[in-house]
Amino acid sequence: MAVRGAIEVNIESCKGCGVCVANCPVGTIALSRSVNGKGYNYSYMENPEKCTGCTNCAVVCPDTVITVYRVKI
Amino acid sequence: MNISDIIKPENKVYGKSGLLLDKEMHYCPGCSHGTIHKIIAETIDELDIQEQVIGVSPVGCAVLAYDYIDIDWQEAAHGRAPALATAIKRLYPEKYVFTYQGDGDLASIGTGEIIHTCNRGDSVTIIFVNNAIYGMTGGQMAPTTLEGMKTATTPQGRSHITSGFPMKITEMIALLPGVVYATRQSVDTPAAERKAKRSMIKAFKSQQLKKGTSFIEIVSTCNSGWKMTPVEANIWMRENMFPVFPPGDIKDETGF
Ligand SMILES: Cc1ncc(C[n+]2csc(CCOP(=O)(O)OP(=O)(O)O)c2C)c(N)n1
Ligand code: SF4
Ligand code: SF4
């Protein structure tokens, strides 16, 4: 059964540490070129079609700014 | 399928624990302290013991831990958290009591308190954040600093000839009969984080046995103090800290 996932990043709370990017197994996430109010390059889904909703990025995010959603298709 | 079809409340599979307050943590980007706070909050949430927990926060970067997790807290003087936890536990034996301490706090100024709390076998949980450095004060050597590691006070690298060897506190206290559970974990990968959380749950649950102290060391990064990016710091930790501080259970007499 196939799944699709998506993440929602609380942009203003993200510190751009890149830990989520390094731990996404399928290369969904990247750090943005633009910055948030604190001057950090926040994380976002660069390749949203790849996300499986595995929650790995959210689990390792030190500031817990990622919420994960998953649906079966 | 559009992203808006996926991002709906009924499809949510992971989000911030309700015990983590909205206040933004002051920690540097990528700091292990934030991830460890998260697993503590999730542990308390899952055990449904929010009203029964009292945390003791340290002196060190985590001095403001009481601002981030929605439970009762007491702030200790530097290194004295285990003594305070003992007092709290004896006054309120039905509460779950834990300390949260860095390696400067626990393994240096507080060495006496931690050894004697573990030796008395007070049924409290000790959370020991070992980032091999004094983070808050600018990256000075800690007792846990690796040999050869450059810090503000060991610019040539730590040498055992002048400064002794990296101190393995968890192995030391595991020898004491008062300790019921001693484990070393990390939070650098999703798998490690999930395993550390299972250990955290076991450590808290072991307080119900009233059989002794539970001790959970988390090998951590201080990327600012180590002068690396957060991702580099996680790699450096695995390559350099794990050979000296290998993750895994050192003692487990909980029976669960
Ligand atoms: C009695 C006393 N001595 C020294 C200090 C200075 N001091 C503040 S934090 C700290 C060490 C913190 O290091 P650690 O416990 O490893 O925690 P981290 O900041 O790395 O999380 C020291 C020595 C103090 N606040 N009080
Ligand atoms: S949920 Fe999994 S697949 Fe989706 S972005 Fe996060 S780590 Fe990548
Ligand atoms: S791990 Fe969290 S804080 Fe770090 S870049 Fe990713 S979303 Fe931002």
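Student: Taking helices (H or I, at least four residues) and strands (E, at least two) as DSSP runs, numbered from the N terminus, which loop does Ala132(B) lie in?

Tutor: Ala132(B) sits in the loop between β5 and β6 (133–134) of chain B. This is a predicted model, in which local features need pLDDT of at least 70 and side-chain atom pairs count only at pLDDT 80 or more, while totals for chains, interfaces and linings use all residues. Residues are numbered from 1 along each chain as its sequence is written, chains are lettered from A and ligands numbered from 1 in the order in which they are written, and side-chain values use heavy atoms, with hydrogens and water left out.

Student: What is the phi of Ala132(B), and is this residue buried or exposed?

Tutor: Its phi is near 65°, a positive value in a residue other than glycine. Most residues other than glycine have a negative phi. Ala132(B) counts as buried because its relative accessibility is 0%, where buried means under 20% relative accessible area, exposed over 50%, and partly exposed in between (1.4 Å probe, protein chains only).

Student: And where is Lys210(B), and what is its phi?

Tutor: Lys210(B) is placed in the loop between α8 and β9 of chain B, and its phi, near 55°, is again positive in a residue other than glycine. With a relative accessible area of 45%, Lys210(B) is partly exposed.

Student: Switching topic: how many residues are in the largest nonpolar core?

Tutor: There are 32, and those with the most contacts inside the core are Ile40(B), Ile44(B), Phe98(B), Ile127(B) and Phe204(B). A nonpolar core here is a set of buried Ala, Val, Leu, Ile, Met, Phe, Trp, Tyr and Cys residues joined through side-chain atoms within 4.5 Å.

Student: Which element gives the largest share of this core?

Tutor: That is α2(B), which contributes five residues. Beyond its neighbours within four places in sequence, Ile127(B) is in contact (heavy atoms within 4.5 Å) with residues including Ile36(B), Ile40(B), Phe98(B), Met200(B) and Phe204(B).

Student: What about Lys89(B): is it buried or exposed?

Tutor: Lys89(B), found in helix α3 (residues 81–91) of chain B, is buried at a relative accessible area of 8%. Its side chain joins that of Gln207(B) through a polar contact of 3.0 Å; such a contact is a pair of N or O atoms within 3.5 Å, where within protein one must be able to donate a hydrogen and the other to accept it, and residues adjacent in sequence count only if both atoms are side-chain atoms. In α8 of chain B, Ser199(B) is likewise buried at 6% relative accessibility, and its side chain makes a polar contact of 3.0 Å with the side chain of Gln185(B).

Student: Last one: what area do chain B and chain A bury between them?

Tutor: They bury about 2,600 Å², 63% of it on carbon and sulfur atoms, buried area being the accessible area (1.4 Å probe) that two parts lose on being put together, summed over both. On the chain B side, Ile6(B), Ile7(B) and Tyr14(B) lose the most area to chain A, together 21% of what that side buries.

Student: Which residue forms a salt bridge with Glu24(B)?

Tutor: Lys38(A) does, with the closest N and O atoms 2.6 Å apart; a salt bridge is a side-chain nitrogen of Lys or Arg within 4 Å of a carboxyl oxygen of Asp or Glu. The count of salt bridges between chain B and chain A is one, and there are 13 residue pairs in polar contact (both at pLDDT 80 or more) between these chains.
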